[in-house]
Amino acid sequence: MHQSALGRRMLTLRPREPHEALVRARAEQKTETWKAKYALRAGVEGTIKQALDITGIRRARYRGLPKVRLRHAFSATALNVIRLDAYWTGHDRHHTRRSRLEHLAYRLTA
């Protein structure tokens, strides 16, 4: 790895095998098959993020696998109820986050 004198640019030289593997992986990511698989994964990743944000399942509250599984089942049920409510009431839950400053500005103008 070499960094320029001003610290703005970085050049990374990898050995031949890791470089070729990276080139192959990047080429594979441009195929329609890979994009279809990734689209499925992206949906799952969104669900996991929602579960972490809403139900806080990152840390188990109880000890023991049966209790943790039950907690995850309750969390999944809660997510489904939230999604059903959003669907039935027409509220879209998929919007980008806003900064606290934006929230404050909105509240002050309302």
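Helices (H or I, at least four residues) and strands (E, at least two) are DSSP runs, numbered from the N terminus. The model is predicted, so local features need pLDDT of at least 70, side-chain atom pairs count only at pLDDT 80 or more, and totals for chains, interfaces and linings use all residues. Residues are numbered from 1 along each chain as its sequence is written, and side-chain values use heavy atoms, with hydrogens and water left out.

**Exercise 1. State how many helices and strands the protein has, and in what order they run.**

Solution. Step 1: the protein contains four helices and two strands. Step 2: read from the N terminus, the order is β-β-α-α-α-α.

**Exercise 2. Compare the span of helix 2 with the expected span, then do this for helix 3.**

Solution. Step 1: the expected span of a helix is 1.5 Å times one less than its number of residues. Step 2: helix 2 has 24 residues, and its first and last C-alpha atoms are 34 Å apart, close to the expected 34 Å. Step 3: helix 3 has 25 residues and reaches 36 Å from first C-alpha to last, close to the 36 Å expected. Step 4: look at what follows each helix. Just after helix 2, Gly-56 has a positive phi of about 65 degrees; just after helix 3, Gly-90 has a positive phi of about 80 degrees.

**Exercise 3. Find the salt bridges and place their residues along the helix.**

Solution. Step 1: apply the rule, by which a salt bridge is a side-chain nitrogen of Lys or Arg within 4 Å of a carboxyl oxygen of Asp or Glu. The count is two salt bridges. Step 2: one joins Glu-45 and Arg-41, with the closest N and O atoms 3.3 Å apart. Glu-45 and Arg-41 are separated by about one helical turn because they are four residues apart in helix 2 (residues 32-55). Step 3: the other joins Asp-53 and Lys-49, at 2.7 Å from N to O. Asp-53 and Lys-49 also lie four residues apart in helix 2, about one turn of the helix. Step 4: check accessibility, where buried means under 20% relative accessible area, exposed over 50%, and partly exposed in between (1.4 Å probe, protein chains only). Glu-45 is partly exposed at 40%. Asp-53, at 46%, is partly exposed, and Lys-49 is partly exposed at 40%.

**Exercise 4. Decide whether Gln-50 is buried or exposed, and list what it touches.**

Solution. Step 1: Gln-50 is in helix 2. Its relative accessibility is 14%, so Gln-50 counts as buried. Step 2: contact means heavy atoms within 4.5 Å. Leaving out residues up to four places away in sequence, Gln-50 touches Thr-55, Leu-79 and Arg-83. Step 3: the side chains of Gln-50 and Arg-83 also make a polar contact at 2.7 Å. (A polar contact is a pair of N or O atoms within 3.5 Å; within protein, one must be able to donate a hydrogen and the other to accept it, and residues adjacent in sequence count only if both atoms are side-chain atoms.)

**Exercise 5. Name the buried residues of helix 2 and helix 3, and an element that covers them.**

Solution. Step 1: in helix 2 the buried residues are Gln-50, Ala-51 and Thr-55. Their cover includes helix 3 (65-89). Step 2: in helix 3 they are Val-68, Ser-75, Leu-79 and Ala-86. Helix 2 is included in what covers these residues. Step 3: for the protein as a whole, 6% of the 110 residues count as buried.
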